[in-house]
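The sequence and the model are shown first, and a description follows.

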Amino acid sequence: MTKSDVNGNLMRTNDIFEYLYPYQNPKLIPFAKIDDNSAFEDIGFKAGSSSHFLTKMALHLSGFKNFENHLKENLEYILRTTNIRLPNIHSPVISATLSILDDPNCNDSVSRAVKLILAVRQFYIDLKEGKIEQDRYGGDFLEMGLYANLFATNVVVQDKQAYLNKSSDFSKINIISNGKYYILDIGEIEKTIDQSALINTISKIKKDSFKSFEDNETSPGLITAASTQTQFEAIKILLRDKNSFEEYNVLKNILFTICLDSEVFPKSNEETVFYAHNKNHKNRWYYSSLQAVIFGNGKTALICNFAAYLDGNIMMRSASEIYKRSILNYPFSEKQEYSYRKLNLKFPIELKSKILEDIDSVSDNQQASFTINDVGVRCFKKFDLEPVPAFIIALQKTMLDFTQKMVNVYQFITMSKYRYMTLLKENVSTKTVFDCVSQLENTEKTDDQKFELIRNAIDSQKDKLRKKRTRLSLDYIFKIYLCSISGIRKKYALAISQFFSLIQGRTKLFIEPSYDVMVSHPAIFEDVPIIGRSGAKLPYVKYMGLHYQIYDDKINITLMPSTEFSVPNKEFIAKLESNLKKLLEISENAINSGSHKFSTKEANNHE
């Protein structure tokens with residue numbers, strides 16, 4: 001049954017993790033407790049120290065202890081419904097763009113748009129009917145509830161707040177062409193599509209969008225690419241206009257967004273991702289959880305909004321499933337007509353300079369996506385080295401080469417073997433990794449000794465990640481606690497937290513990590529060649545973020561330098577490749593010496 005809230009949003013659910021009945025629920029995750037000293041040691045507080053004592057006292061006084069007492073019976077509901085990602089909606093630096101393979105039968109934007117509409121609708125139908133094979137790792141069934149966030153899920157900004165609207169209306173698609181917005185009604189999700197009629201309708205939309213050439217720098221899409229605070233201010237102004245208020249409400253309930261970049265013709269997957277993510281923000285609507293950017297030659301990239309709880313593995317498999325369905329032959333239906341109308345939203349002209357400044361501050365025009373050939377899973381497994389932690393060692397060495405410092409590298413790890421769990425971050429720059437990296441160029445060390453250091457560094461990362469996956473940490477539970485309360489309770493808990501933070505000389509109750517480098521290794525799908533924020537600079541890391549995927553015989557990497565890191569991407573990749581090959585050279589020399597025996601194991605699996 002369709003529900004609507006006080007703002008007129010059509011809602012199918014308020015849950016972040018949507019219940020999909022055909023799929024098995026994984027087990028619930030265990031959680032750390034205040035009275036367990038090891039829970040504090042896990043997050044950097046030595047048991048019995050003053051920091052341990054004061055932080056524990058703050059948790060008691062803030063009401064957290066009472067929250068913990070009832071957490072066992074409430075955990076499932078809290079994890080399913082609590083949104084800890086919002087209000088950060090600065091999409092160019094948090095969303096990811098994925099290229100999908102070409103469709104040999106669609107070499108223009110309009111015909112491919114129609115095939116993608118069919119594919120997205122079919123993917124949703126198959127998901128709801130349980131026809132999508134459930135994700136697994138080993139023998140474990142994985143959480144599936146986030147896949148539903150691809151469909152009719154939109155970020156809504158109102159009263160300087162952000163929330164997700166998961167609509168029950170699957171009939172409306174937002175078509176953007178030449179910076180102009182059109183709402184296309186394709187009918188109920190179960191209704192078949194008249195492909196010929198839909199091609200004609202979208203062709204009309206495209207033609208209409210080029211009838212007039214308005215100021216390209218006053219498209220509403222630009223608002224959604226600005227910083228979070230600027231978006232709050234801009235949407236507040238936009239909603240003062242009665243017509244814009246009504247048009248904005250329409251955009252809360254769209255199935256997904258199609259961006260026709262018909263005048264651009266990328267020559268490669270790398271260019272496709274770069275243009276889709278970094279250019280033409282006037283032709284985007286980042287509040288949509290899913291955008292399909294389709295270029296003049298039919299090349300396509302999908303933009304997935306991380307704020308809508310779409311994680312890397314979810315993005316990758318979804319892009320693959322959509323691609324597979326987009327190249328199918330669908331049965332022709334009876335003749336139909338499709339209605340559309342142009343939207344008119346009043347751009348807050350007084351914030352134009354600030355919006356463009358925000359966009360420019362995180363834009364980077366250098367090449368971002370690279371392939372390192374002849375280094376991959378096979379090379380590492382030859383020496384019994386697990387590829388992901390081995391890559392981290394080479395990355396750590398590369399950062400040392402450029403910064404002359406041992407920096408902290410945080411790896412995103414998937415927790416989907418647990419019910420209603422998403423990504424976590426863990427610092428994989430262990431002391432053992434530091435010891436290894438510091439000795440790699442030591443001429444007094446033999447390759448046998450260096451190889452042993454490499455293996456120990458790999459084991460230290462595996463041990464740390466294994467421990468991270470065993471339970472929810474206290475700092476994470478406290479974050480959930482703060483997000484799950486409101487009003488006076490929240491103000492009081494924050495005041496207690498801030499008071500005890502000041503006593504300990506910190507800005508927050510729990511030790512704030514230094515996110516020097518953040519990395520992610522999403523699952524690999526051959527029909528989704530590239531993922532990343534190509535052409536973006538990240539303001540929330542000190543040096544860089546990167547997506548990497550280790551294939552059998554190559555590594556695909558997309559770099560996102562920080563707003564302050566000035567090393568050119570090409571130079572960084574060249575050094576990283578050199579360090580990867582140096583690790584392999586050390587390993588080969590050590591094995592050839594005959595002092596190491598090993599058996600091949602499977603590579604580690606990360607997000």
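This is a predicted model: local features need pLDDT of at least 70, side-chain atom pairs count only at pLDDT 80 or more; totals for chains, interfaces and linings use all residues.

Are Trp285 and Tyr287 buried or exposed? Both Trp285 and Tyr287 are buried.

**Aromatic pairs**

The structure holds 22 aromatic pairs. One of them is formed by Tyr181 and Trp285, whose arrangement is edge-to-face, with 5.7 Å from centre to centre and 85° between the planes. This pair links distant parts of the chain, since its two members are 104 residues apart. Tyr181 belongs to strand β9 (residues 180-185), whereas Trp285 is in the loop between α10 (269-278) and β11 (290-295).

Trp285 also pairs with Tyr287: the ring centres are 5.1 Å apart and the planes lie at 75°, so this pair too is edge-to-face. Tyr181 has a relative accessible area of 2% and therefore counts as buried, the limit being under 20%. Trp285 is likewise buried, at 3% relative accessibility.

Elsewhere, an aromatic cluster is made up of Phe64, Phe67, Phe478 and Tyr481.

**Helix packing**

| Helix pair | Axis distance | Angle | Handedness of crossing |
|---|---|---|---|
| α6 (residues 109-128) and α7 (residues 195-209) | within 9 Å | roughly 125° | right-handed |
| α15 (residues 431-439) and α16 (residues 447-468) | 8 Å | about 155° | left-handed |

The axes of α6 and α7 cross at roughly 125°, which means that α6 is oblique to α7. On the α6 side, the contact is made by Ser109, Val110, Ala113, Val114, Lys115, Ile117 and Leu118. The α7 side contributes Gln195, Leu198, Ile199, Ile202, Ser203 and Lys206. By class, eight residues of this contact are nonpolar, three are polar and two are charged.

For α15 and α16, the packing angle is about 155°. Because angles over 145 degrees count as roughly antiparallel, α15 is placed in that class relative to α16. Here Thr432, Val433, Cys436 and Gln439 of α15 meet Lys450, Leu453, Ile454, Asn456, Ala457, Ser460 and Gln461 of α16. The residues of this contact comprise five nonpolar, five polar and one charged.

**Backbone features**

Most residues other than glycine have a negative phi, and most peptide bonds are trans.

The peptide bond that joins Leu86 and Pro87 is cis, with omega about 15°. Pro87 is located in the loop between α4 (71-81) and α5 (91-94).

Asn280, although not a glycine, has a positive phi of about 60°. Asn280 is found in the loop between α10 and β11, the loop that holds Trp285. With a relative accessibility of 26%, Asn280 counts as partly exposed.

Tyr420 is not a glycine either, and its phi is positive at about 55°. The position of Tyr420 is in the loop between β15 (409-414) and β16 (423-427). Tyr420 counts as buried, at 5% relative accessibility.

Definitions and conventions
Residues are numbered from 1 along each chain as its sequence is written. Side-chain values use heavy atoms; hydrogens and water are left out. Axes are lines fitted to C-alpha atoms, for helices over the stretch in contact, and angles run from 0 to 180 degrees between N-to-C directions. Helices (H or I, at least four residues) and strands (E, at least two) are DSSP runs, numbered from the N terminus. Angles under 35 degrees count as roughly parallel, over 145 as roughly antiparallel, 65 to 115 as roughly perpendicular and the rest as oblique. A crossing is left-handed if the near helix is turned anticlockwise from the far one by less than a right angle, and right-handed if clockwise. Contact means heavy atoms within 4.5 Å. Ala, Val, Leu, Ile, Met, Phe, Trp, Tyr, Cys and Pro count as nonpolar, Asp, Glu, Lys and Arg as charged, and the others, Gly among them, as polar. Rings of Phe, Tyr and Trp (its six-membered ring) pair if their centres lie within 6.5 Å; planes under 30 degrees apart count as stacked, over 60 as edge-to-face and the rest as tilted. Buried means under 20% relative accessible area, exposed over 50%, partly exposed in between (1.4 Å probe, protein chains only).
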